[in-house]
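Hello,

Here is the structure I said I would pass on. Have a look at it first, and then read on for what I found in it.

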Amino acid sequence: MADFVTSLPSLEAIDATPAQKPRRLMTEILYDWVTTVDHKKIGLMYIGSALLFLVAGGIEALIMRIQLAVPHNTFVSPEVFNRMFTMHGTTMVFFMGMPILFGFGNYLIPLMIGARDMAFPRLNAFSFWVSLLGGLLLYYSFIGGSGLYGAGTAPDVGWFAYAPLTAKAFSPGHSTDYWTISILLSGIGSIGTALNIVATIISMRCPGMKLSRMPLLPWLYLVLSNMVFITVSPLTAAQIMLMFDRYLGSHFFDTQAGGSAVLWIHFFWIFGHPEVYILVMPAFAFMNEIIPVFSRKAIFGYPAMVAASVGIGFVSMSVWAHHMFTVGMGAGANVFFVLSSMVVAIPTGIKIFNWLATIWGGKVRFATPMMFSVGFLFQFLIAGLTGVMLAAAPFDWQLHNSYFVVAHFHYVLVGGILFAFFAAFYYWYPKVTGRMMNERLGKWHFWLMVIGFHMTFDFMHIPGILGMPRRVYTYEPRPGWEALNLIVSIGALFQAIAILLFVINLIRSNYKGDIAGNDPWDAWTLEWSVTSPPPVYNFATTPVVYSRRPLWDIKHPEDPDWNYE
Amino acid sequence: MAYPAFAAAADSSSVQPGTGPHSTSYLSQGSTSIFSPAATPSHWIFSLSMFVLAITLAIFLIVAGLLTYALIRYRHHNLETYNEPAQIYGSNQIELAWTVIPALIVVMLFLTSSRVILATQDTTKPADAVDVVVIGHQFWWEYRYPKLGIVTANELHIPISDPAHPTPTYLEMSSADVVHSFWVPRLAGKMDVIPNRVNTMWIDPPTPGLYLGQCNQFCGVQHAKMLLRVYADTPEAFAAWVAEQKKPAVENPKDPSVAEGREVFLHSACVNCHTVSGTMANGRFGPDLTHVASRDTIASGAVNNNADNMKKWIDDPSSFKPGALMPPMHLNEHDLNAVTAYMMSLH
C-alpha cells in the first residue's frame, strides 16, 4: 500500500476547460447535444426526456383523478378516460421509469467505477434516441391513431393490453399499433443500454476495483441490466406476434380462431413482473449510496446486500403468474406462485434491515436527500407488506384488479421508487451542475409530496377493499366510495404542486444555487473526487482504489477501509 | 360454519323501486366490501385476510418502530463539531437471524394460503349443485341454466344454500368476445371470464339477498357499467322464478299499443340481436328479452328498469352507456312508445 499516497493526486481531475467559455450559437449547442456520445450528456438527455414524460403522465393521472373525484362525473368521456389510463401506465413504465433509471446509470456508473465513458458510446447514443423515438410515436398516436370503435385516438387497451381486446376485431384503427411499435422501440433501446452497462461494469472498472470492491450502485445496475435481457425479450416477441395477428393473419392470441388469451397474459407478465424489480433496483442503488453518507457509516452487510440483490434478480423471474391467480390456473400452479412470490420478501427484508443497521449507531444528517430516503424506507416497507398480502392467492382473488392493487403498486412506484429518485436528484444535482439545490424548496417539496402521497395512496387501498375495480371511468356511489375517492383526488393535487416546486428548484438552482465544490456531502465514492460538473474525460489519470470507499481512505489515512474488508 | 348476520341487511334492497336513472337508493345500495363475506369462499378468504393482516401489521409495527427509534436516537444536528461514528461493516450472525426469521414467517403464510387454495379449488361438486353457464359480453352478462332450460341476462338468480344440505351454485364461465372478470365480493373471490376457455367457480350464500359486483377486467369502452347483480332466493322464491322464466313470452293482445309495439319490434333490426321466445326474434348478440320486464335493471345494472329509462335506452343507448354496442334505433316517437310498451309487458 506504499504507493497509495502517491496515487492520491491521480484522483483529482485536471480541469482544462477555460474559465470563460465563448458564447456559442443555439444551433451549435443543439448540434453538440444531438451528436454527443458522452455518457454524461446522454444520461442527462435520458433524465430530461423522462421528466417531460413524467409531466405528461402526471397530467393524465390528474385528468383521471378529476373524473373520479365524484361519482357519475362527466368531466371526460369513457373513451378519453380509457386512453388516459393506458397512456399513463405506458408512459410511466416505458418512457419515464426506464429512461430515468438508464439516465442515472449512464451518468453515474462510469464515474463511480473510475472509467472515462461507457463501453460502447455510439450504442449508447443510439439506444437513447431509439427509446425517445418510441415515446414520441406513442404520443403521436393522439394525432395518428384511432382506437376502439367510437373511441378516437391514442391507445385505449390498458397498459397490459390483454388479448383479444387488441385484435383487429375489437381494436380497429392504428392506436394499438402505435402502442406496439413504441414498446418495441423502447425495448430495443433498453436492451442496448443494458448491454452497455453490463459491458462497462465487467470490463471498465479502474485498477483495484474488484467486483467485491465495487460500490453497490453499479452492482444493482449489473443485476437489473441482466434482468432486462431476460424480460424484455419475451415482451418484444409478444409484440411481434401481436403485429402478426393484426396484419399477417396469424392467430396466436386470436381466440375466435383457437388462439389463446392466456398466452398473452403469460408473455406480458413474464416481462411485467420482473420489470417492477428492474424499476426498483435503482431505488435500492440510491439508498445504498445515500443512507451511508448521511448516517456517516459504511453500508452494513455489503456481501449480504449484493447477495440479496442477485437473489431478488433470480427469484423475480419466477413470480409472474401471481398476476394470474384469477385466470383459472390449477391449485398446484397457484400454490407454487404463492411460494415464489412470498420468497421475494426475504431478500427484500434483508435490504431493509441492513439499511436500518446502517443508520443504527450513525450520526444522521437530515438534508433533503436523506429525508426522501427516510420516506422511501417507511413507504417501501408498507408497499412490501401489502405485496405479501397480494401474494396470498385467495386474498388476491378478492383484491386483484381492485383499487387496492393500484394503491399497492403506486406505493412501490411513487412511495418507493419516485421518492428514491427525488433523493438521488438532490444528492447528485451538485455533481452534475456544480450548484446545490435549494434546501428550503426541497423541504417544501418533500413535505407536500409526503402529504399528497399519503392522502392519495393510503386512502386508495380502501375502495379496493370495498369492491371498487380499477379502470372504471365512473362508479356508483356505493358505501364509502364517494368520500374516499374525493380524498384520493385532493391528494393528487398536493403531489402535483410538490412536483411543480421540484421542477422550479431544478431550474432555479442551476443559476442561483450555492456553489457546491467537488464533494459537498463529504461522501466516499469516486464521482466525488472529480470537479463538479465533471470534465468531459471524467478522470485525467485513471484512479486506483484499494477498498469500497476510496475517498474514505484518503480522508482517513489513519484508519482506511482496507483494514476491515 | 357460522355466518355473520349482516347478510340480511342487503335483503331489503331488492324490493324498492327507484326513480331517477341513477337512483342511489336502489342501484348502489348494499355493501360490496370483501370484509362482509356472505358465502363460504368469501368467508374463508376473509379469515385468511385477517390472519395475513395481523402478521403484516405486527411486522410493520416492529420494523417501523425500530426505524423511528434509530432515526430519532441517532439524528445529528451540529455539523461543525462531529467526529465520524464508529464504522461497523456487518455481522454474519445478525444477517442470518434476519434471513431465517422472515423465512419462517413466509413458510407459515404459504401453508395457510395453500390450505384455502386447495379447499376452494379442489372441492367435489355436490349432486344438488345448481349449474349456471356465465357468458361475458361487451358489456353485459348472459346466464344460461342448462338443466332448467332458462336463458336470461344481467340478473343472476340462484337458490340459497343451507349449510346442512348445501346446494351451491357452480358457475361455468366463458366469454363471447374479450376477457372479463366476474367479481361479487361478498360471495367469492373473482374469476376471469376468458374467451376460448372455461373457468369454474362456486358460490353458496346461506342468506337471501341481493349481492352486487361488477366486471373486474378492463374489457372496452363500457367496462365501468358492466355491473353484476346476484339474487339469492329462498328455495320457494327460486322455484317460482324458474317457473316464470320457463314460460314463453307474455302475449297481451288486449292492449293495442303493446300489440303494435310487438309488430314494430318484430319488423325492425331488434330481432337481429335479441331473442323473445315464442316469436321469430331469435338473435343471440344481445340479451334475451323474453322476460325483460321482470328484471329490476336494464343496461347491465346501469339504470333502473322502468318505462322512462327503457324508452331512452331504445332511442339512444349512449344516453346511459356511451360505447354500448346496441345502436340507436331511430324510431319515430309513436313507434318508440309502442316498442317501450311491448318491452314493459314482457314479464
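Before anything else, please keep in mind that this is a predicted model. I started where chain A meets chain B: across that interface there are 32 residue pairs in polar contact, with both residues at pLDDT 80 or more. On the side of chain A, the elements that give two or more residues include helix H4 (78–113), helix H8 (261–295) and helix H15 (439–465). Helix H12(A) provides the largest share of that side, with nine residues. Sorted by type, the residues of chain A that touch chain B are 63 nonpolar, 24 polar and 14 charged.

How much area do the two chains bury between them? The figure is about 8400 Å², and 70% of it lies on carbon and sulfur atoms. Within chain A, the residues that lose the most area to chain B are Trp397(A), Gln398(A) and Arg478(A), which together make up 9% of what that side buries. The contact draws on 101 residues of chain A and 95 residues of chain B.

Glu84(B) and Arg296(A) form a salt bridge through their side chains, at 2.7 Å from N to O. Both also belong to a network of salt bridges, along with Asp519(A), Asp522(A) and Lys555(A).

Lys555(A) sits in helix H17 (residues 550–555) and Asp522(A) in the loop between helix H16 (481–512) and H17, 33 residues apart. Lys555(A) is partly exposed, with a relative accessible area of 31%, and Asp522(A) is partly exposed too, at 24%.

Elsewhere in chain A, Arg246(A) and Asp177(A) form a salt bridge at 2.7 Å, N to O. Arg246(A) is in helix H7 (residues 216–248) and Asp177(A) in helix H6 (residues 175–203), so this pair ties together parts that are 69 residues apart in sequence. Both Arg246(A) and Asp177(A) are buried. Asp38(A) and Lys40(A) also meet in a salt bridge, at 3.4 Å from N to O, and both are buried. Over all chains, the salt bridges come to 17.

Finally, chain A as a whole. It has 17 helices and zero strands, and 66% of its 565 residues are buried. Its radius of gyration is 24 Å, which agrees with the value near 24 Å for a compact globule of 565 residues.

Enjoy exploring!

Methods
Residues numbered from 1 in each chain as written. Chains lettered and ligands numbered in written order. Heavy atoms only, no water. Contact = heavy atoms within 4.5 Å. Buried area = accessible area lost by both parts, 1.4 Å probe. Salt bridge = Lys/Arg side-chain N within 4 Å of Asp/Glu carboxyl O. Polar contact = N/O pair within 3.5 Å; in protein donor to acceptor, adjacent residues only side chain to side chain. Helix = DSSP H or I, 4+ residues; strand = E, 2+ residues; numbered from the N terminus. Nonpolar A, V, L, I, M, F, W, Y, C, P; charged D, E, K, R; others polar. Rg over C-alpha atoms; globule rule 2.2 N^0.38 Å. Buried < 20%, exposed > 50% of the residue type's maximum accessible area, 1.4 Å probe, protein only.
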